[in-house]
Amino acid sequence: MSEKKKRHREETDHDMSNLIDNLKRVDDVKYNRRAFIKSMTGATVAIGIATLPFQIAGAMKKEDDPTHVKIIELSSLPKGKSVTFSYPTESDTAILVHTVNGELVAYNNKCTHLQCPVFYEKERDILMCPCHRGFFDIKTGHPVEGPPQRELPLIELEVKNGVVYAVGRKYRHE
Ligand code: FES
């Protein structure tokens, strides 16, 4: 073989090997892109599934979710007495009062001044916060004396078959 032909053949072999390398690289890029898209899709689906219970719990935790929660048998709460409970979550403490006049009212019982618990003062038929002597109207939960400026959140009640239930909560200020 002449020197020229030999060089030409070597160059051709070299070009072929470059071409094959390039084709492999194109395949690699395609493969990697596909693998990346697949893994991202998988990760997105996995995150979606993993967080689903939290999404459902979040959707169910609406403030005005009318979940019925049993508070007490009415026969166990005579007129002039009160009982504490939690609504709508364990950390939302509340007070149910059977007033001296025979009405049932309930409010979250953290004083709207500095969060002390409020109590039913039977003699005055009023809710009282002992921390700074704040008073709330028993019928409305609105502040009537002392430092509190906002009313207590109202717990809506339902009495069924002699049992008192909390069925909702209302905030009445912005
Ligand atoms: S915390 Fe209730 S009056 Fe201050």
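**Reading contacts, strands and confidence**

Trainee: Leaving aside neighbours within four places in sequence, with which residues is Tyr107 in contact?

Mentor: Two residues are in contact if their C-beta atoms, placed from the backbone, lie within 7 Å. Beyond four places in sequence, Tyr107 contacts Ala94, Ile95, Gly141, Leu152, Pro153, Leu154 and Ile155. Please note that this is a predicted model, in which local features need pLDDT of at least 70 and side-chain atom pairs count only at pLDDT 80 or more, while totals for chains, interfaces and linings use all residues. Residues are numbered from 1 along each chain as its sequence is written.

Trainee: What does the pLDDT average over the protein?

Mentor: The term pLDDT denotes the predictor's confidence in each residue, from 0 to 100. The protein averages 80, and 61% of the residues score at least 70. Over residues 56-64 the value is below 50, and this stretch has 4 contacts in the model beyond near neighbours in sequence. Where pLDDT is low, the predicted coordinates should not be read in detail.

Trainee: How many helices and strands does the protein contain?

Mentor: Helices (H or I, at least four residues) and strands (E, at least two) are DSSP runs, numbered from the N terminus. Here the secondary structure comes to 1 helix and 10 strands, in the sequence order α-β-β-β-β-β-β-β-β-β-β. Of the contacts with a separation of 6 or more, 34% join residues 24 or more positions apart.

Trainee: What share of the residues is buried, and which members of the largest nonpolar core touch the most others?

Mentor: A residue is buried if 20 or more other C-beta atoms lie within 10 Å of its own, exposed if 12 or fewer, and partly exposed in between, with C-beta atoms placed from the backbone. Buried residues make up 18% of the 174 residues. A nonpolar core is a set of buried Ala, Val, Leu, Ile, Met, Phe, Trp, Tyr and Cys residues joined through C-beta atoms within 7 Å. The largest one has 20 residues, of which Ala94, Ile95, Leu96, Ala106 and Tyr107 touch the most other members. Strand 3 (93-98), strand 4 (104-108), strand 6 (126-129) and strand 10 each give two or more residues to this core, and strand 3 gives the most, with 4 residues.

Trainee: Is Phe85 buried, exposed or partly exposed, and what is the reason?

Mentor: Phe85 lies in strand 2 (residues 81-86). It is partly exposed because 18 other C-beta atoms lie within 10 Å. Leaving out residues up to four places away in sequence, Phe85 touches Ile71, Ala94 and Leu96. Tyr107 is 22 residues from Phe85 in sequence, and their C-alpha atoms are 10.0 Å apart.

Trainee: How do strand 9 and strand 10 run relative to each other, parallel or antiparallel?

Mentor: Two strands pair if DSSP finds at least two bridges between them. Strand 9 (residues 154-160) and strand 10 (residues 163-170) run antiparallel and are joined by 7 bridges. Leu154 has Lys170 in strand 10 as its bridge partner. Gly168, also in strand 10, has its C-alpha atom 8.4 Å from that of Leu154, 14 residues away along the chain. Gly168 is partly exposed, with 17 other C-beta atoms within 10 Å. Asn161 is exposed, as 6 other C-beta atoms lie within 10 Å.

Trainee: In what order do the 4 strands of the open sheet stand?

Mentor: The order is 5-6-7-8, with antiparallel pairing. Strand 5 (119-121) and strand 8 (143-145) stand at the edges with a single partner strand each, so one side of each has no neighbour in the sheet. Neighbouring strands are turned by 40° against each other on average, direction ignored; the axes are lines fitted to C-alpha atoms, for helices over the stretch in contact, and angles run from 0 to 180 degrees between N-to-C directions. Strand 7 (residues 134-137) pairs with strand 8 over 2 bridges, and Phe136 stands opposite Pro143 in strand 8.

Trainee: Which backbone features should I note in the loops?

Mentor: The peptide bond from Tyr87 to Pro88 is cis, with omega near 0°, and Pro88 lies in the loop between strand 2 and strand 3. In the loop between strand 4 and strand 5 is Gln115, which has a positive phi of about 75° although it is not a glycine. Gln115 is exposed, with 10 other C-beta atoms within 10 Å.
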